[in-house]
Protein chains: 2
Amino acid sequence: MVTKQLLKGLPEDADLRRADSLAREIFSDVANKWALLIIEALGERTLRFNEVRNEVEGISHKMLTQNLRMLERNGLVDRKVHPTVPPRVEYTLTEPGRALRTAVDAICGWTHQHLAHIESARGSFDA
Amino acid sequence: MVTKQLLKGLPEDADLRRADSLAREIFSDVANKWALLIIEALGERTLRFNEVRNEVEGISHKMLTQNLRMLERNGLVDRKVHPTVPPRVEYTLTEPGRALRTAVDAICGWTHQHLAHIESARGSFDA
DNA sequence: CGGCATCCCCAGCGATACTG
DNA sequence: CAGTATCGCTGGGGATGCCG
């Protein structure tokens, strides 16, 4: 199984341990609400900072910068600064970013497909 | 696009607005590190509370209960209590839970496939 | 064993303001 | 317009202890 190391941890080989802890780190970076929503918002497009902000409902200026930095650092988004005045900064998904987006799409799709089931499950549970 | 409403929000129809806010809520529930790791840990298996705890590195007792409750409430995991002493509580993914798991698998797979790329991207960025 | 409640603390986040 | 910095709060989450 491809995820074995991510979950089990504690392989004996030192290189594997390093790779695994790196994988955990990346997973933690990426598996959070804002990061996923930003990736989904970017899609195939190139957006400016405030355009992303408008696409991602409820995100604060600060959270957006933080997450964009993190995604840039991990090579998931490309940040292009145009040296104009006023500044113009454009964000685009890189190839790895687009690859991850298909997984995010799957989650979004899943969410919509199971809305009804979940709503009724909640109904039963809350009773 | 299947995710349009999740991202754009503000549809004019009242029912759509409700559905969309519900979708956002579910997405926020599900798109977090611990929930995804728990789903991945369960996989096709049935695990007891402390077994899940052992599979999910670093999760606290409290976080595990909270997330399991949340997943149960949303109908993603089934919780079965055996009235024995000491108690025995088993958790299993429901059908929707297993469906979501394929998306989580994709993320895990993606993580491993891009380890090298990400590591080098970090190297450049940090310089 | 698993769950719930309580306490407590720190990091995460929002708000605000200032720079290029 | 975009980014950084600072401040202040609140709530997330860890630790602990007690029940069924």
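**Reading a domain and an interface**

Author: This is a predicted model. Over residues 19-119, chain A is 65% helix and 15% strand, with its end C-alpha atoms 39 Å apart. An unreviewed UniProt entry annotates residues 19-119 of chain A as "domain: HTH hxlR-type".

Reader: What area is buried between chain B and chain A?

Author: The size of an interface is often expressed as the accessible area that is lost when the parts come together. Here the area buried between chain B and chain A is about 5200 Å². Carbon and sulfur atoms give 69% of that area. The contact draws 55 residues from chain B and 54 residues from chain A.

Reader: How many salt bridges are counted between chain B and chain A?

Author: There are ten salt bridges between chain B and chain A. One salt bridge joins the side chains of B:R122 and A:E25, at 2.7 Å from N to O.

Reader: Which elements of chain B give two or more residues to the side that touches chain A?

Author: These elements of chain B are α1 (4-8), α2 (14-30), α3 (33-42), α5 (61-73), α6 (95-113) and α7 (115-126). The most residues on this side come from α6(B), which gives twelve.

Conventions: Residues numbered from 1 in each chain as written. Chains lettered and ligands numbered in written order. Predicted model: local features only at pLDDT ≥ 70, side-chain atom pairs only at ≥ 80, totals over all residues. Heavy atoms only, no water. UniProt positions renumbered as here; feature names shortened; annotations may be inferred. Helix = DSSP H or I, 4+ residues; strand = E, 2+ residues; numbered from the N terminus. Contact = heavy atoms within 4.5 Å. Buried area = accessible area lost by both parts, 1.4 Å probe. Salt bridge = Lys/Arg side-chain N within 4 Å of Asp/Glu carboxyl O.
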